[in-house]
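Hi,

Here is the structure I promised to pass on.

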Amino acid sequence: MVLKAFFPTCCVSADSGLLVGRWVPEQSSAVVLAVLHFPFIPIQVKQLLAQVRQASQVGVAVLGTWCHCRQEPEESLGRFLESLGAVFPHEPWLRLCRERGGTFWSCEATRRQAPTAPGAPGEDQVMLIFYDQRQVLLSQLHLPTVLPDRQAGATTASTGVLAAVFDTVARSEVLFRSDRFDEGPVRLSHWQSEGVEASILAELARRASGPICLLLASLLSLVSAVSACRVFKLWPLSFLGSKLSTCEQLRHRLEHLTLIFSTRKAENPAQLTRKANTVASVLLDVALGLMLLSWLHGRSRIGHLADALVPVADHVAEELQHLLQWLMGAPAGLKMNRALDQVLGRFFLYHIHLWISYIHLMSPFVEHILWHVGLSACLGLTVALSLLSDIIALLTFHIYCFYVYGARLYCLKIHGLSSLWRLFRGKKWNVLRQRVDSCSYDLDQLRLLVVAVQGLIHLLVDLINSLPLYSLGLRLCRPYRLAAGVKFRVLQHEAGRPLRLLMQINPLPYSRVVHTYRLPSCGCHPKHSWGALCRKLFLGELIYPWRQRGDKQD
């Protein structure tokens, strides 16, 4: 039988002692966590292991002996280590020895019970696998959920071994906690053997963070309670709150702040990573917002934007009027229904007149509106972009009205053509459908431009809200923190010697990092694919600037 012994590389040069770790019988594997050095009192060792088992819920025990032959004679040390097997009984009992010079190793696993089968050897073969304890402790293993059929049977056992090793090291963190200036009853060798020197500033920050987070959490709870008041559930306010991107983004940011300042401790590494990603997202959002705010208020750029807005609106209205006058005549030499053209043209011209009058009426307040929009950037760039998207939607509402009218007429035209097709096939024909004979494709193009601009704004908002910056930073600077698996490198493979391997961590690909740790984003705006968008335009179906309840994701 081949046993796999996972040995930490930080203990290779440790003095002789006992091997402390966990035995995984399902995988026939031993995970060594630390080396216990002499001198020690056995009852104190048992008490320490009992405390670690209670705190970590891991079956930590003495697995065997570790002998590093540097000064003491090998014979006397070997007899002394063998006598410890009666004090700490374990099946099987491992004996790892590093000979003089550090080149050759010996690994044995003995069982006190007699072999059940006749002729069976009393010792098991041991495969020694070295691993970096610090990297395994700090990393999160992301095993593939779906495996090919031809690999499923071969990789199930190895996957179970890796999961057991990572889980054992992660849950045994309490064993590695030690203070540099506080020597306990026993001396251990592990990745943090020298201990951690306490920092006064870090301790003061840790103690002050509790009351501050509690105060901010209480304020956020009060804001949430106010926003959930029945007054905001009345029809006009509830409708605006569900359709405006600014309200949805503020609600989304409130959830993020509630998660950040929550005093509840993360239950697993996944929740801790999600909280760190949220903190990084909020900090980036606020930093970009402050940069935008400083840019807008520098060199009176807000005044320049306000002065340029009204002339641009006049130019757009003039171009639309020329377009409508061209359509009211004989566009491209086509003979149109003159009465219908005049009615629709005057109707659209009246809309443009109302819109330009509204713009001139609001022109004295444009600079103040832009100033408040820029001031909202202190809450984050996403809030300013959401407010900009709502302003664009309000300023282009007349274009959306043109689009609705044109789309309805185009839809009637499509139904009329379908009626003609049914007539051609000998079915019933409705003569009333022949009245529809006009559709402005330029309005569709103009509406597509507005949809594209708002789509880019919402795409940027979703990118800032959902991008896992902390996880991407870990993948870039500390690739071992996000592990997709492991690879093994052969260190020694000689006849009569145990096979020695080095376990190395394979980092998670960037695409899988984004897919795994992507944060949820607000969903008030529609998410149409290009196929669905073209289909709606071709069939004359309306494209709403907000998400509908019955929308399906393509």
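In H7, Arg-253, His-256, Leu-257, Leu-259 and Ile-260 meet Arg-274, Lys-275, Thr-278, Val-279, Ser-281, Val-282 and Asp-285 of H8, where contact means heavy atoms within 4.5 Å. By class, five nonpolar, three polar and four charged residues make up the contact of H7 with H8 (Ala, Val, Leu, Ile, Met, Phe, Trp, Tyr, Cys and Pro count as nonpolar, Asp, Glu, Lys and Arg as charged, the others, Gly among them, as polar).

Before going on: this is a predicted model, with local features needing pLDDT of at least 70 and side-chain atom pairs counting only at pLDDT 80 or more, while totals for chains, interfaces and linings use all residues. Residues are numbered from 1 along each chain as its sequence is written, and side-chain values use heavy atoms, leaving out hydrogens and water.

Back to the pair: H7 (residues 245–260) and H8 (residues 269–297) pack at about 125 degrees, their axes 10 Å apart (axes are lines fitted to C-alpha atoms over the stretch in contact, and angles run from 0 to 180 degrees between N-to-C directions). That makes H7 oblique to H8, oblique being whatever is left after under 35 (roughly parallel), over 145 (roughly antiparallel) and 65 to 115 degrees (roughly perpendicular).

As for the whole protein chain, there are 17 helices and 11 strands (DSSP runs, H or I of at least four residues and E of at least two, numbered from the N terminus). Among contacts between residues at least 6 apart in sequence, 70% join residues at least 24 apart.

Cheers
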